[in-house]
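Here is a brief report on one protein chain.

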Amino acid sequence: MSKQILKYVLFLTVISMVLAACGAPATPQQIEVTKIVNGETIVVTTTPVPTENPYDDNAPITVWIDADRQPAFDAYVAAHPDKAKLLKAVTVDREQFPAKVLLFNNTNQGWPDVVFAEPRLVGRVADDAHHFPLDLKPWVPADVLSGYTGMDGCTFGDKVYCLRYDLAMFVLYYNKPLMDEFGYTVPTTWEEYQELSDKVAAEHPGYYLGTWGDGWTFISYFDASGCPSHELVNDATLKIDMTDPRCVRAAKLVDHMLENGTMFNTDYFSAEFASVVSSNKLLAMPGPAWMFGVFGGNENSSWYKTSEKQLGVANPLKWKDDEKAITPAMGGAAWTVSSHTKNPKLAVDFIQWVTTDPGFWAGTTNFPAYKPIQNLFQESMKTNELFANDPFPVYQQAATDIGPLDKWPRFDLIAPLSEAVKTGLQEKRSVESILPDVADKLAPLAETQGYLVEVTK
C-alpha cells in the first residue's frame with residue numbers, strides 16, 4: 001500500500017470516528033466493510049440493514065387462554081377498543097403448552113404471543129430446548145413488578161418470565177359450629193393438630209381432619225413441612241433428600257392420623273370425600289385459597305349445601321420449632337409472553353392490565369397476586385355468608401408465606417407423587433416407608449430434564 005493510499009485510509013478512519021462520536025444514532029445503521037483500491041473506496045461486503053425497530057406495534061397477537069379467562073380477554077378488549085382488531089384469543093389445554101412449543105420451534109412458526117399458565121408450566125418452557133418466555137424486566141416498570149406477591153416461581157436467575165395472576169396459598173379451614181360444639185380450640189401448630197386428632201379419635205370417631213390420597217395431598221403436608229423432595233438448589237440442580245427430618249416428621253404425622261382414623265384416604269375431589277364434607281363429618285383440613293369455592297354453600301355444591309357462617313379460616317399451621325409457617329400452594333396462575341412476539345408492547349400491556357386493573361378485579365373471588373388490589377378480594381368476601389370470620393387477613397398473611405418449594409422443577413410432580421401415595425395405600429404400607437419410592441420416581445425425571453440431581457433416600 002502506498003503512503004498516499006495509507007494516508008487516505010487513515011483520513012477516512014478518523015472522519016468515521018469523529019462522525020460516530022458527534023452523532024451516534026439511536027438505531028442500528030448499515031454496516032459496510034470497505035477497502036481502498038487505487039485511491040477509491042470499494043464496498044466489498046454489506047450486512048443486512050437491521051430494522052430500525054425490530055418490533056411492530058401494529059402486529060396482531062394471539063392469546064392462549066382457558067375458558068375461565070375469556071372474561072379477562074373480553075374485558076381488555078372492551079377497555080382498549082383501538083386494539084381490538086389486533087387481539088385474538090384461542091382456548092387451549094395449557095398442559096400441552098411445553099410440547100406445542102417444541103413443535104413450533106421445529107417448524108419455526110406458530111408460537112402464541114401470550115399464554116395463561118401456572119409458573120410450573122412457564123418453568124418447563126424456559127429451558128434451552130424451549131426458549132419461549134420473554135424477559136419482562138425491560139418491559140414492566142420496576143415499581144409495578146415489585147407490587148406482585150409470589151414472584152419466585154416467575155423468576156429465573158436475573159430474569160422475570162411471567163407475571164402472577166392469582167395465588168393459591170394454603171390456609172386451615174375448619175367447621176366452626178362443630179369445633180364449638182365439641183369444645184375444641186383451633187390448632188396453630190402441626191403438633192397441636194396431631195393432638196387434636198387423638199381427641200377426635202377418642203371422643204368423636206368418624207370425624208376427620210384431612211385426607212391423604214394423591215400428589216396434591218402429599219404437597220399439603222410435605223411442602224408445608226419444608227421437606228426437600230423437589231428443592232431447586234439453583235436452576236440447574238435439584239435436591240431430593242427424603243431422609244431429611246422435615247420429611248420424616250410429615251410422614252409420621254400422616255401415619256399417626258391414618259392410624260387413629262382421623263385422616264381420610266382419597267384425594268380432595270373424590271365422591272367419597274365429598275360425602276364426608278356434605279355429611280358434616282369434616283372438622284378441619286388444610287386447603288388452598290380457592291377451596292372455599294369448593295365448600296360451596298349452595299344447593300349445587302357437593303360439599304356444603306347452605307351458607308350459614310360455618311366455614312372458619314385460620315392461619316396455615318406451623319411446626320412448633322419453626323420460625324413461621326411454610327405455606328404450600330395448589331395452583332395460582334400467571335401470564336407469560338413469547339420471546340418470538342413481534343408486538344411485545346401490546347402483549348406486555350395485556351398481561352399487566354389483566355393482573356393489575358382494579359376495575360377488572362372488582363368483585364373477584366380469586367385472590368390477586370398484585371398487592372395494591374388485594375383489598376378488592378376482601379370487599380367481595382364481605383357479603384359471603386359461608387365464612388365464620390373475615391378470611392382476608394389470613395389469606396393476605398399466608399400469601400407472603402408461600403414457601404420456596406412452590407417453585408417447581410421442569411417436570412410434573414403430581415403424577416409421580418400420586419403414584420407413590422396410591423401404591424402405598426393399596427399395599428397398606430406406612431407413609432414413612434414410601435419416602436424412598438418418592439426419590440426413585442422423581443430422580444429419573446429430573447435427570448431427563450438435565451438437572452444435576454442430589455439424591456438421598
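The sections below cover the basis of the model, the chain as a whole and its disulfides.

## Basis

This is a predicted model: local features need pLDDT of at least 70, side-chain atom pairs count only at pLDDT 80 or more, and totals for chains, interfaces and linings use all residues. Residues are numbered from 1 along each chain as its sequence is written, and side-chain values use heavy atoms, without hydrogens or water.

## Overall chain

The chain has 17 helices and 15 strands. These are DSSP runs numbered from the N terminus: helices are H or I with at least four residues, strands E with at least two. Of its 457 residues, 49% are buried (under 20% relative accessible area, 1.4 Å probe, protein chains only).

The accessible surface is about 21400 Å² (Shrake-Rupley method, 1.4 Å probe). Carbon and sulfur atoms contribute 52% of that surface. Among contacts (heavy atoms within 4.5 Å) with a separation of 6 or more, 73% join residues 24 or more positions apart.

## Disulfides

The whole structure holds two disulfides (cysteine sulfur atoms within 2.5 Å). Their pattern is 1-2, 3-4, counting bonded cysteines along the chain.

C154 pairs with C162, sulfur to sulfur at 2.0 Å. This link is left-handed, with -105 degrees about the S-S bond. C154 is buried at 0% relative accessibility, and C162 is buried at 0% too.

C227 and C247 form a disulfide with sulfur atoms 2.0 Å apart. Their link is right-handed, at 85 degrees about the S-S bond. C227 sits in the loop between helix 8 (215-222) and strand 10 (231-234), and C247 in helix 9 (residues 245-260), so the pair ties together parts 20 residues apart in sequence. C227 is buried at 0% relative accessibility. C247 is buried, with a relative accessible area of 0%.

Notes:
Buried means under 20% relative accessible area, exposed over 50%, partly exposed in between (1.4 Å probe, protein chains only).
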